[in-house]
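Here is a short report on one protein model.

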Amino acid sequence: MIRAAPVNPIILIPSRLASTRLPGKPLADIAGAPMIVHVWRRAVAAEIGPVVVACGDREIADAIEAAGGRAMMTDPGHPTGSDRIHAAIADLDPAGTFDAVINVQGDLPLLDPAAVRLAFDGLGDSDIVIATLAAVIEDAAGLADTSVNKVVAGFADPTRPARALYFSKAVVPWGEGPHYEHIGLYAYRREALERFVGLPRSVLEQRERLEQLRALEAGMHIAVSLIEPARLGVQVDTPADLERARRLVRFVIPAEAGIQGGRPRLASLDPRLRGGDETGGM
């Protein structure tokens, strides 16, 4: 089946306060603003569609609304971010107006907005239903670290997406050559998200503890695009990561600089969304 490239995406940011390694992580202060607000600003700066934070806690919604953004309350019991954004889009857009959903993790406060656009562009090929990002692993410690998820993909041309063949916490593939860290930012065709969350947990997913393997085992095609590691910034999982983000934020061009003019409006969205229009002040 020939699929046209999606043309009407929405960005959803799943977020909840429960975190074993860094309790209250979304509200952690970075340069005077909660981390989730930094992520929301960078998602808006991507300028590819409306941005909604799908949250399981009222405090997160309040923080986003205070910054001028939109939040939608979801069940705090959702086990994964994929489940949370699926529930949010089902309530928000039951008619299927949005044909792609970009899942931006809520712990990437220094993410380059261009990385969000790059992930979405990965859906351009007709047989690709999910797109994601990766970066070259540049040090031996990162390669050996089992908390650094690896993706196997053969980049004949590093400037173009490649097909994801496997994901693992182990060092794969064998032999000389680059290894790639998987960046957990996903762009889904709308029907692919629906199918993915409806699948049972797969054998390899449970073994590796990586839910993207569920999609591969089901025959879903995932594209991977390479980004410079600096475009990721810092993925905040631990107190040390948070301190690093606080140090680095002053060297990053403020996301607000990329939000001037042409910003997506949310006036037509479901009235259950809380907060002001995104064209308001930051």
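## Cavity

The structure holds one cavity of 30 Å³ or more. A cavity is a set of points, on a 1 Å grid over the protein atoms alone, where a 1.4 Å probe fits but cannot get out. The largest cavity has about 50 Å³ of space; a volume is the space filled by probe spheres set on the points.

Its lining residues (an atom within 4 Å of a point) are Ser82, Ile130, Tyr186, Tyr188, Phe196, Glu211, Gln212, Ala215 and Ile222. Six are nonpolar, two polar and one charged. β10 (180-189) and α8 (212-217) each give at least two residues to this lining.

## Confidence

This is a predicted model: local features need pLDDT of at least 70, side-chain atom pairs count only at pLDDT 80 or more, and totals for chains, interfaces and linings use all residues. Residues are numbered from 1 along each chain as its sequence is written, and side-chain values use heavy atoms, with hydrogens and water left out.

The chain averages a pLDDT (the predictor's confidence in each residue, from 0 to 100) of 88, and 89% of the residues score at least 70. Over residues 255-282 the pLDDT is below 50; beyond near neighbours in sequence, this stretch has 73 contacts in the model (heavy atoms within 4.5 Å).

## Strand β1

Strands are DSSP runs (E, at least two residues). In β1 (residues 9-15), seven of seven residues are buried, meaning under 20% relative accessible area with a 1.4 Å probe, protein chains only. Pro9, Ile11, Ile13 and Ser15 cover one side, with Ile10, Leu12 and Pro14 on the other.

β1 runs parallel to β6 (residues 100-103), joined by four bridges. Ile10 stands opposite Val101 there. Five bridges join β1 to β4 (residues 51-55), also parallel. Ile13 has Val53 as its bridge partner in β4.

Note on methods: 1 Å grid on protein atoms, 1.4 Å probe; cavity = no way out; pocket = protein on both sides within 12 Å on 5 of 7 lines; lining within 4 Å. Nonpolar A, V, L, I, M, F, W, Y, C, P; charged D, E, K, R; others polar. Buried < 20%, exposed > 50% of the residue type's maximum accessible area, 1.4 Å probe, protein only. Pairing = 2+ DSSP bridges.
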